Amino acid sequence: MSGDRTKLSGLTRSIAMGAIGFGLVSLCVFATVAFAERWMYQNLGLWGAYLTWTVLFIVLSGAVFGSLVVVDRWRLPKFYLLWGLAFFAYAVAWVIAYFNMPNAA
């Protein structure tokens with residue numbers, strides 16, 4: 001019985017840490033959109049700005065989620081590789097859809 005409570009407590013803590021951590025990461029990344037978007041477009045170009053935001057999401061959220069993964073000694077490099085590939089694929093799909101439907105609701 002105690003083991004089940006420990007697992008549930010660990011799961012609840014992990015969900016809370018992941019949600020709060022990703023929320024803070026999102027605030028940080030979207031703050032660069034709110035306060036530096038024009039500068040980024042002028043200096044990095046459209047694709048450079050989107051690539052920068054994608055890398056920020058991967059690195060910062062990878063640190064949050066990577067801290068929750070407990071498998072083995074090499075968990076963080078493996079996690080970053082998988083997380084980076086998955087988030088990059090998501091970002092590419094999102095950007096393609098966004099640019100191909102600029103005026104869609």
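The protein contains two helices and zero strands, where helices (H or I, at least four residues) and strands (E, at least two) are DSSP runs numbered from the N terminus. The model is predicted, so that local features need pLDDT of at least 70 and side-chain atom pairs count only at pLDDT 80 or more, whereas totals for chains, interfaces and linings use all residues. Residues are numbered from 1 along each chain as its sequence is written, and side-chain values use heavy atoms, with hydrogens and water left out.

Of the 105 residues of the protein, 21% are buried; buried denotes under 20% relative accessible area, exposed over 50%, and partly exposed in between (1.4 Å probe, protein chains only). The accessible surface of the protein is about 7,800 Å², and carbon and sulfur atoms make up 72% of this area. Accessible areas were computed by the Shrake-Rupley method with a 1.4 Å probe; for residues, only the protein chains shown count as cover. Among contacts (heavy atoms within 4.5 Å) with a separation of 6 or more, 59% involve residues 24 or more positions apart.

Leaving aside residues up to four places away in sequence, Ile-58 touches Tyr-80, Trp-83, Gly-84, Phe-87 and Phe-88. The C-alpha atom of Ile-58 is separated by 9.4 Å from that of Ala-86, 28 residues apart along the chain.

Ser-61 is also found in helix α1, and its relative accessibility of 0% is why it counts as buried. With residues up to four places away in sequence not counted, Ser-61 touches Phe-22, Val-25, Leu-56, Gly-66 and Trp-83. A polar atom of the Ser-61 side chain lies 2.3 Å from the backbone oxygen of Phe-57.

The largest pocket holds about 300 Å³ of space. Of its 14 lining residues, Phe-30, Tyr-50, Trp-53, Phe-57 and Trp-94 are the closest to its centre. The elements giving two or more residues to this lining are α1 and α2 (75–100), with α1 giving the most, nine residues. A pocket is an open set of points on a 1 Å grid over the protein atoms alone, where a 1.4 Å probe fits, with protein on both sides within 12 Å along at least five of seven lines; lining residues have an atom within 4 Å of a point. The lining divides into twelve nonpolar residues, one polar and one charged; Ala, Val, Leu, Ile, Met, Phe, Trp, Tyr, Cys and Pro count as nonpolar, Asp, Glu, Lys and Arg as charged, and the others, Gly among them, as polar.

Note on methods: Grid points are joined across faces, edges and corners, and a volume is the space filled by probe spheres set on the points. A polar contact is a pair of N or O atoms within 3.5 Å; within protein, one must be able to donate a hydrogen and the other to accept it, and residues adjacent in sequence count only if both atoms are side-chain atoms.
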